[in-house]
Structure formats: C-alpha cells, structure tokens
Amino acid sequence: MPLPHGADSPGGYSNCTFEFDDGPRTPRQPCAGDGDGGRGDELPDAAASFRMSDLDSEVLPLPPRYRFRDLLLGDQPFPSEDRTAVYGRCCKAGLLWPKEVAEEKWAARTKRLQVEDFSLDSSLSQVQVEFYVNENTFKERLKLFFIKNQRSSLRIRLFNFSLKLLTCLLYIVRVLLDNPARGIGCWGCTKHNYTFNALSSEINWAPILWVERKLTLWVIQVIVATISFLETMLLIYLSYKGNIWEQIFRVSFVLEMINTLPFIITVGNLFIPVFLNCWLAKHALENMINDFHRAILRTQSAMFNQVLILFCTLLCLVFTGTCGIQHLERAGENLDLLTSFYFCIVTFSTVGYGDVTPKIWPSQLLVVIMICVALVVLPLQFEELVYLWMERQKSGGNYSRHRAQTEKHVVLCVSSLKIDLLMDFLNEFYAHPRLQDYYVVILCPTEMDIQVRRVLQIPLWSQRVIYLQGSALKDQDLMRAKMDNGEACFILSSRNEVDRTAADHQTILRAWAVKDFAPNCPLYVQILKPENKFHVKFADHVVCEEECKYAMLALNCVCPATSTLITLLVHTSRGQEGQESPEQWQRMYGRCSGNEVYHIRMGDSKFFREYEGKSFTYAAFHAHKKYGVCLIGLKREDSKSILLNPGPRHILAASDTCFYINITKEENSAFIFKQEERQKQRGLTGQGLYQGPSRPTVRDPPGTVAMDLQNAECQPAQGGGSKLTLPAENGSGSRRPSIAPVLELADSSALLPCDLLSDPSEDEATPSEDEGVSAVEYVKGYPPNSPYIGSSPTLCHLLPVKAPFCCLRLDKGCKHNSYEDAKAYGFKNKLIIVSAETAGNGLYNFIVPLRAYYRPRKELNPIVLLLDNRPDHHFLEAICCFPMVYYMEGSVDNLDSLLQCGIIYADNLVVVDKESTMSAEEDYMADAKTIVNVQTMFRLFPSLSITTELTHPSNMRFMQFRAKDSYSLALSKLEKRERENGSNLAFMFRLPFAAGRVFSISMLDTLLYQSFVKDYMITITRLLLGLDTTPGSGYLCAMKVTEDDLWIRTYGRLFQKLCSSSAEIPIGIYRTECHVFSSEPQDLRAQVSAPFCTVPPQGTPPSELLQAPETPVPEAWPLAVSLLLCCLCRRSERQELSELVKNRMKHLGLPTTGYEDVANLTASDVMNRVNLGYLQDEMNDQQNTLSYVLINPPPDTRLEPNDIVYLIRSDPLAHMASSSPSHQSSCSNKLSSCNPGTRDETQL
C-alpha cells in the first residue's frame, strides 16, 4: 500500500493515523521473507484482527512550531498510556520504509492475518503509525528549520538582519573612536603620523590599510564575523543542489567572505570594509519580508514593498559612499563621517556645491563608481515602482482597513461601469444629507474607463469614491473592498448585454459570493429577467427591471404618463428646477417634481398627530388642506404590510407609520401659523370654507420648507355658509351645492364608488343591447398558470375556459373562428398594441394590470402582442386564460405587420426596446432604429398615442424631432442650464418625457439607490404599479375632468369631493395645454392657452369652415384655423402618406374604411385631437400641445378641462362584505349627475 501523502507540518510528518486492534497471541519467529533483517518483525506478533479507524480519530496534536530541541534530539514521540514502547518501535521500524518495501510488507502481513487466528491483547489494543512526508535525516531537519519552515526561517532571517546591522553599527563606533593623529600602524608596530601634502602626487597607503581598533571592539567583531561565517556556510550546504560554483559566485556570498574571513584569519588593525554589510542587511530584509508574508498567509501591498526596497537601496548607496569616502580620505584631508555624509547627499542630489571634494584619486574613483552604480540600480528600482504604480492605478489598490473601521462605506459591484450609471448613482446616493460622510467603493472587473477616470479626478468625488478593479467572485478582491465592514452592497446587472439571461447569471453569482463572504452585509440587487428573481430572494432589496418596466408601460395606456409620475417620485430633487424659466408651466412642473415619498410615525408627527382616532380619509384631506401634504398610505406597528389608502374604515393610531408625499420631509419643515390659526389656538372656534393659497415656500437654511398653515376648518353642509355659485345663465343666477364634509369616522351608508363593487350579474352576466348574445362571460379569479416563480398572485378577469392556442393568433383563422384581422373581431374598445422582440416572462406583467379585477369589464381594451419571434408554449399557456389577448408575428418597422395587427383601430402603441439593439459599437446608437421607426409611425398615424422605451435617457431629445423648431432649442438650453446647476432631472423638461411618451428603464435605477435610505420605496412602487396586491391596499387609477366638473374649481375642493364621496386620494394631475409658438426665437414666450368652449357642428368640412366668414369664432378658434391652413399647405405630403397606407391595406385585403386621413379631418375632429394632445409636429413645424405631470399640486391649483387626476382608490374587496347589491347598483354616478343637488360621486 502506498504511503499516504499529507500536508507538510513543522514536525516533518503528516497528520495521518492508523489504529490496529490486536489481540493476545503467542510469539512467532521472524519470517524468512521479511526484508531488512526482519525489521518489520520487531513489532509484537500479537497484531491479529487488524482494522483502520477514521483518519481524524485519536490524532495527537502537532506542535505549534518547530523547536530547536527537535532539531538536536530528533522527532520525539508524544507520551501515551499503555503503548509508549509499541509506538516507539513502530516509528523506528516503519518510518524509513521505501514505497515498494512498504507495499510488499503490507501485502505479506495482510495474507498472514487472513490465515492465522489471533486472540486479543488488551495491553496492545491500538498502535498509532505516522508517516513522514520529508526525509527524517539530519540534513532534512536542518533544511526544514532554516529554510522550509516559515516561522523558524523568519526568525533566522531576523537574526541575520540584526547581525548585519550590528556590524554596521560597530564599524561606525570604530570610526568614531579612531583618530589618525595618534599614529597609524599594524598590530605591534610603531605608530607613525602622516600628513597630507596636496602638492605631492604620491599617496600614503598606510592610513588606508591600517586603522586603530580597540581590543574589546575587535573581539566583538570577530565573534559576530564567526557567527555570520558559520551561518553562511551552513546555508550554502543546505541549499546546495549539485553546482557549487553557482553558490560560490553569488554576490551575497562574496560580500560575506570579504567581511568575515579577514577577521578570522588575521590579527591586528587591518582595515576591513565592514560597511558593505548594509547590502547584506538589505538582502536579509527582503527575504524576511517574503518569509513574513508566507508565515501569516497574506500579502501586503506590493507598492509598499517596492517603496521599502527603493528606500533601502538609496540608504545603502549613501551609507556605502559615506563610509568609503571617509576612509579613503584618511590619506587626504581626513574627513569625518558627517562631512562625508554631507558630500554624498549633495553629490547624489546633483546639487554639487563644490565646497567638499575628494582630494586623492582612490576616493575620486569611488565617487565615479558609486555614481555609475546609482545610475544603473536606481532607474531599475524606479521603473519597477512606476510599473506597480500604474498597475495600482488600474486595479485601484485596497480600501484601508483603518478607514473601514472608522468610516462608513458602501460597495457598488458592476460588470462594466459607464459614466451615466456612475453619475446616476453618485447624484442620487449623495443627494441625502446623512450620506455625505459615506465612502463609495466601486468593484468592477474591467479597467477604468477614460470618462470615469476623468470624473473621479474631480475633487467632489476623488475624496469619496474609490475604484477597485477586481471581481466579486474572488475573496481577495472582496477583502480589498472590505466587504465585511460595508454598510451595503449594490449589485447591478449589465443591461447592455445582448444575452440578458447571462447577465442575470453573473449577477446571481456575485450576490451569492458576497453573501458567502459577508453574510451580514445588506444586499441591494438588480435583476433583469423576472424568472431569475427567486435566486436572489435572500437579498434585502431586489428590483426586477422587466417587471417594473412592463407594468409601468401597461399603466401608461390607462393612466397617461404613469412612467413620468413614478420616475419623478423615485428621483431626489430640490424642487428648484425651472424656477427661473419665463414659462409658467415649467415653473409649476419643476416645483411639483420635487415631491417625494417620506415616512414618519404618527405619534411623532405634527402633520398627522391631531388626527389620531379618526378615519384615514379624514386625515388625508385635512393634512393636505392644512399643510399641503398628501397622505397616501400607512403601516400598522404589528404588521409588515404597507397599505395604500386603506379607506375610511381604517382608524389611525399613534403607533402607525404614515407615508406621505411632500416637497421635503417633516423634520426639515418650519411651521408659520396664519392669523386665523392663531385665533383658533386661542380658543376662537368656528368653521368656514377653505380659503387662501397653501403653496409651501422655501426659506433659509437650505433643506427647510416653511409652510403656511391654512384655516383647517370645514363648514357643515347644512349650515348657512357660503355656496359655490354657478356662472349666470340667461341673466339669472343660480348656485351649485357645496361639497359634503369629510367625516371623521366612516359612514356605512355612503362608501366607495360602486362601479367596482357591482354585482357580477349586472356587469358581466347581463350583456348590453349592442353586445348581443355573442358576449363572452368573464369570471374573476387568479391566473392558473404563472410563467415564472415569484410572481405575485393578482385577482383578474379571466375566461371561464382557456382559449386554444390557435385562437390566440390574431392574423390567422382556425377551426374555432375565421377572423383574420382586427376589424373582423368587432372590438368595442380601442386596441392596445405592444411591440416586443420576444415574448419574455416580463410581458406577462403587462397583461395582468390591464386585466385586474378592479377594472370594469366594459372598459377592458383588447391587447395585441406584436412579436418578432414566435412565443413558446409556456408563455401561451400563461396568457390563454385572459380575455381579449392576442399575438401575431411581425415587426414594428414593417407597415404590413402594423396594419394587420389593427393599428388603425388602436388607441395606444407601446414600443419596447429590443434586446438585440441594446449593444452597439457606439453606445448611444443602440436606440437609432427604434427612434426612426417611431418617428415614421408618428407621421403615418398622427392620432396614435405611442409610448417608446429607450436604452439611453439622453436620446429622448430625438423623439418627435423638429429640426427648425426654436422652442425645442430653448428647451435644450434649459436642460443644459439645469444640468450645470446640479439637477438630477435635467431631462425632465423634454416634452416627450413630460408627456409620458418616452421612458427609459435606467431612470428606475434610482429606485434601488433610494431604498438604502427609504426601505419602503420598492414596496410602494410595486403597489402603485399593481405588481403586488396586499389585502386592504388600494391601487392607482385615473379620472378625467370634464367641463361639467369645473364647478369644483380647485384641486383642494376636488380633494375634498373625492374623500367625502368615494374615499379616493388624489396624488397629482396630468395636464395638457395648447400652445402655438413662433419659429423665431424672440417669440418663444408667445403662447395661446385657452379652453375650447365651442366647436363647429360635427362633420363640418374644412372647405365650408373657411368659406363661412360669418361663422362665430370662439375663443380658441384661431388655433384651429391655423392648424387647418397648415394642413392645406402640406396636403400633397399628407395625400402621399395616406395613399401609401391605403394601398398597403388593399394589397393585404384589409378594409380601408377605418383609416382616417389627417388631411381630411373635420374641424371638430381637429379640435378633439388637439385637446387630447394627439396632433404633434406631424401636423406642422409648430408645437401644438404639451403635457406634463403635477405631483401633489397646491390646494389652490385651478382645474382645467381635460385634466386627468391620478387617484389611489381603496381596495373594493376590503368592503365587499358590508356592501349590499342594492346599494352597489345605486352608486354609479358621475360628477355631473342629472340632479345637481346630489353631486357626490366621481366619474372614471
């Protein structure tokens, strides 16, 4: 059996143990076949039934280090009870067996043990056998002690280094004690005094050959030299490998012989250049550092080692030059050590004052030699140092352990670091005041980009951001980043990769590696595909890009500009953007963009403390009326779930955590009470209507918002208070009824808009007359098939029976139906078309929010998936249970595919960024194809609302590009100015983004960054997007304000109306304004913004409109005339585009009756599309409309026609048990009810 191999140990033997259970037996004679004189038979023949125990059992502890007594006495066995003698004999007998002999003996012994029957002997129950890895010879033990063993070798190096320093110190002592004036001569000779003659060319060699040395000093030097000589010879003997000349001609050996042999073989005052031992000391120091690194099993900075070596080299050069010049000048001007040191420093620094110079040629020759050596050695050392410095600049070095223990830092792990990603992270991370003292350590496997390097050299970031080149999969790199001491670790995926699944796999491995290395470090992980999310569910916070992206794009179709709303909420902003702009909409839009989500404990809040014990809607309305804050949700102390708008039945408690939208958090707010509030606090009670503005004003110091506290009183409806008057009609005045007050406690007789709680028999089972008997009945339930693990179950509208896969194909008929185009299906609602490259699992999250249970069945829009590649069966199995969901193969850049999928019957088109185009030779060119295709669709189908996803946010300026539009140029200048002012949302004034027509998923990176400070932001965002459903939590929806609803007048009164009638919480407004701008720069401020009061009769053609000058011109009619004139001027281009589309439709066999030529639109159609913001620059080179989002506007904000209000509606299932069918059927009213005295419900 071959000897087992183990790890080297200081004792020279492996840690392998074998136990033999032997029983008593009669002694037997040595076998003739046993070799080595029967050496193996020295063992007792009582070894009978013999077994091998576990390798880890009965293992004696090894010595912690190799001791010197082990070197002298050999390896001593450890004492043990009842088996000491046997143990010694085993070691003696078996340790030196060769491999072949051991195998032969093992086979022979095994054969004997199988034949003979032995009895047990209790005294010899176990025998421990230890096998040596190294030879157990005296030389090997010496080599192990002096060379191989790290700890003992380190001590030897340290001792050698101390000897060399001692010899140099003794030389300096000898020089200081030596005085040539007392006479110079050999040992026992007559001393003579010598004087230097500068005029003579002869050199007196006696002062150079002989020195004065005290006897005591000489004895010490001889002892040190002897020890050094013996040690050197021993190391030569141990390291000898067959070439003795290689050992003899080594520089270190030659120097050792020069400095030691003369002391041993001579007696007297002969000069010996002992100062050359400084080079041996340098060599010993290098070896000692290497042994030190091996002993502690870690490496220090290579830069530190190289700097240390360079410093030692300079020190040795100066010391050698000083001692050599001083000694040689004994035959000259007899310089002392200090003067020689001064001369060497002046010479090596290339200053050369000339006040001290060598006088004799030997010292001059030494100076020349030292300068040549310095010119050769120092450049090599500096080259190595510069190389290490450059490598350190690339890799980033290490993050200081001391800094990691005293300062806080976070680690950012990325595959490749781009400048946009870096700036987004730094701007968002350091936007919070309490994070200003944090360090950011970037761990990236690639070399630092030039742009990144330039940014990190800015003083603002150079002191707080540290770039380390390394991999998160290597413990050494994680140790360099001090991951175990980090406050958090952000792991971001590379979304520019063509294979996004591979990018997710890399992210998962990084997350696992960090969790394994630093289990207590909080993890913030970004995942691209939802099917990979469950692999990192252990992370503290996870953001799935495709989940959020598709849910946001879906809500954009039913709640316009949801993407802009969410993006503004998750960005940190000061609310100062656009405040210097002359445009009113820019100032208001920029001010409202500063609203963010904050939290506070209700018992500690001045905003909400007074509403303890009252309903949630009561607190939300009065907090908004009094302080201008919007309460959107809360969390119970005993629950981990966040509830958005839990409804009026929820009673607030002091321990609740409130979540609200405001310009800044309450801790940074100063409160300024108005006179009415002071009177109220003094005891003057009374109630009245809401009056006065409540817009918060920013005061010094920065970050503190001073709020005007308004009169929070509310007049009861039956009192004799003032009423909201209607405009006078036909000379007679009338009054509208006042809005009902918001009750402190819920009234079960009036709760929630019941269109969401309606009986299924009314909404689904009873088809309307126009639907006929062909209406398909839907059921409400949870989707039976989820395409990936980890999707949140959502109650949805479902088909009672799954649709066959063949019926999901829109453009091809099957045996179940013969429809081959969207027109044949006869959809009642407009289509929603989604253009994507593949049917990924994230696309499932586009369908679920649009089929949620709270959306009325009659308002469900058909969904058509326009896919470049055919979907697989798993995806079809997941979507076949949803009603009116179809797919077809085609591309968005193909006109035939667009026409076949029914684009002329669509209301919304969503263009998703394709994975194959995300990686381009030039990064920002990844969106080129998408932008051009969307621009083409804008011109072919101007009435279509198109939402586009881009890879890079900076490319959104090319959406709806107008080459000669000076207003777009002004917006570009405004964006640059805001970026220079340090805004994180410089792109917010771009019209496509403000209107919600363009979106980039990179804008949501800040959601992950904000979760470091606000750990609830991901949960709230997912609730708003409908990705998660919590029982009792509300959902995001929208409501359009019509002209009949303008009697409410202001946003504050609308807040009261919604809270009192339907328990809905408004959080913002999507506003569309009509503007006409001149193409000249000086006319940029000219605009037309007026409500469209009246329009011509339906069907009036443009020709009749222009030929009827006596037609009354309404207030905004000049805008319509301008649009129509421009249409006529460009009729040829319109006709060409129209003919192109109609010809393709005829070629495909599609009816052309649905296609509307913009050039032939009637006047009322033009006005309606202007109101909806559909007529963009495809009509002309002027901007007709602009849309923007106002988050939590002030209560005094005036409502305008076509405003779309964002609402958080309470969960209807939370009140289903208490809502009777009779009450549900009587609640579906709108703001403009038939009876003006009962206007208490909203219209969706």
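1. Asn-908 touches Cys-557, Leu-831, Ile-832, Ile-833, Leu-944 and Ser-945, leaving aside residues up to four places away in sequence. Asn-908 is found in strand E21, which covers residues 906-911. Its relative accessible area is 9%, and because buried means under 20%, Asn-908 counts as buried. Please keep in mind throughout that this is a predicted model.

2. Now for the chain as a whole. The protein chain has 40 helices and 27 strands. Of its 1244 residues, 53% are buried. The accessible surface comes to about 56,800 Å², and carbon and sulfur atoms account for 55% of that area.

3. A helix pair comes next. Two packed helices are described by the angle between their axes and the distance between the axes. Helix H21 (residues 562-570) packs with helix H34 (residues 1017-1025) at an angle of about 170 degrees, and their axes are 12 Å apart. The two helices are therefore roughly antiparallel, since angles over 145 degrees count that way. The crossing of H21 and H34 is right-handed.

4. Which residues bring these two helices together? From H21 come Thr-562, Ile-566, Leu-569 and Val-570, and they meet Met-1017, Thr-1021, Leu-1024 and Leu-1025 of H34. By type, the residues of this contact divide into six nonpolar and two polar, with no charged residue.

5. Ala-561 lies in the loop between helix H20 (545-558) and H21. Phi of Ala-561 is near 60 degrees, a positive value in a residue other than glycine. Is Ala-561 buried or exposed? At 2% relative accessibility, Ala-561 counts as buried.

6. Asn-1192 has a phi of about 45 degrees although it is not a glycine. Where does Asn-1192 sit? Its place is in the loop between strand E26 (1185-1191) and strand E27 (1204-1209). With a relative accessible area of 5%, Asn-1192 is buried.

7. To draw the residue points together: Asn-908 is buried and belongs to strand E21, whereas Ala-561 and Asn-1192 are loop residues. Ala-561 is buried at 2%, and Asn-1192 is buried at 5%.

Key: Residues numbered from 1 in each chain as written. Predicted model: local features only at pLDDT ≥ 70, side-chain atom pairs only at ≥ 80, totals over all residues. Heavy atoms only, no water. Helix = DSSP H or I, 4+ residues; strand = E, 2+ residues; numbered from the N terminus. Buried < 20%, exposed > 50% of the residue type's maximum accessible area, 1.4 Å probe, protein only. Areas by Shrake-Rupley, 256 points an atom, 1.4 Å probe, with all protein chains shown as cover. Axes fitted to C-alpha atoms, helices over the stretch in contact; angles between N-to-C directions. Parallel < 35°, antiparallel > 145°, perpendicular 65-115°, else oblique. Left-handed = near helix turned anticlockwise from the far one by under 90°. Contact = heavy atoms within 4.5 Å. Nonpolar A, V, L, I, M, F, W, Y, C, P; charged D, E, K, R; others polar.
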